[in-house]
Amino acid sequence: MQLGMVGLGRMGGNIVRRLMRGGHGCVVYDRAAEAVAALAGEGATGATSLADLVAKLDAPRAVWVMLPAGAVTEATVEELGRLLAAEDVVIDGGNSFWKDDIRRAGLLAERGIRYVDVGTSGGVWGLDRGYCMMIGGEEAAVRRLDPIFATLVPGLGEVPRTPGRDGRDPRAEQGYIHAGPSGAGHFVKMVHNGIEYGLMQAYAEGFDILKNAASPELPEGERLALNLPDIAEVWRRGSVVSSWLLDLTAAALAGDEALESYSGFVEDSGEGRWTILAAIAEAVPADVLSAALYARFRSRQEHTFAEKMLSAMRKGFGGHLEPGQAR
């Protein structure tokens, strides 16, 4: 299948590479000409503008936008709305706010253009591991794109199958779901990221407690000098708290036990805030997720070992860099 990709950053570029590995044809565009040239050298068709990208795609077209949420995505979708035709599809695979998806879908529908929102998880590791995708949009448009999604996902892999799933949508076991109408994909991904904040905070605080078990503030006979890299490693194997986040934590500690290369300044990309706003609108208590978000706010004023741990995990799964770090 043929796909146009707009935005060739850490995830957009690797999505293109994974698709090309699966035999799909990709037309690519980015404001950075060198990014286009790099993927063209790997087999993609380069484009010099959005108009050029659209012209190089066969109808009905599918264009995936992989850009930061906000103004740049809004402007790109608007321009594509002027360039594309009825039955073409615009896919937003970034981290847009779900209510923006509903609005955009309505505007594009006036021209017969389909809109699909894809919450995409997998970070910088997705090229090899595959991407978990939560998809919103019309059933027909999502089904049409199934060859793309089926190539990008991890597949069954070595994850044990869940008992009792007979008769349910098999796509979930492969690593993607059609979550519902426009906005549903990014809504599910938003809550996913809110949960991610909470999980990361729990690991960070736990390891901070372990580190400070040797604090001089404790009675001398009760101080414990604990090996954090070994604790992280043993928890990876058979423990109920094992996870990919713990894998990343173990790798960070193995390379830098004191995490001295991390400042502890922890950004938030917006989804955590939106998750809390959704909880408020639904009158759902979200104590842990709220506390995790506020901990990130606090990290920009004072930095503890826990915040350095959060920074290490963010860099591990998403390649997120702290202010001042070289890209």
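A nonpolar core is a set of buried Ala, Val, Leu, Ile, Met, Phe, Trp, Tyr and Cys residues joined through side-chain atoms within 4.5 Å. Buried means under 20% relative accessible area, with a 1.4 Å probe and protein chains only. The model is predicted: local features need pLDDT of at least 70, side-chain atom pairs count only at pLDDT 80 or more, and totals for chains, interfaces and linings use all residues. Residues are numbered from 1 along each chain as its sequence is written, and side-chain values use heavy atoms, without hydrogens or water.

Start with the largest nonpolar core, which has 31 residues. Met5, Val16, Val28, Trp64, Val116, Met133 and Phe149 touch the most other members. Helix 1 (residues 10-21) gives the most to this core, 4 residues; helices are DSSP runs of H or I, at least four residues, numbered from the N terminus. Apart from this core lies another, of 24 residues, including Met200, Met309, Leu310 and Met313.

Now turn to Asp268. It sits in the loop between helix 12 (244-255) and helix 13 (271-282). Asp268 counts as buried because its relative accessibility is 12%. Its side chain makes polar contacts (N or O atoms within 3.5 Å, one able to donate a hydrogen and the other to accept it; residues adjacent in sequence count only if both atoms are side-chain atoms). One, of 2.8 Å, reaches the side chain of Arg273. Another, of 2.6 Å, joins Asp268 to the side chain of Arg300. Leaving aside neighbours within four places in sequence, Asp268 is also in contact (heavy atoms within 4.5 Å) with residues including Tyr197, Leu293 and Phe297.

How values were computed:
Helices (H or I, at least four residues) and strands (E, at least two) are DSSP runs, numbered from the N terminus. Buried means under 20% relative accessible area, exposed over 50%, partly exposed in between (1.4 Å probe, protein chains only).
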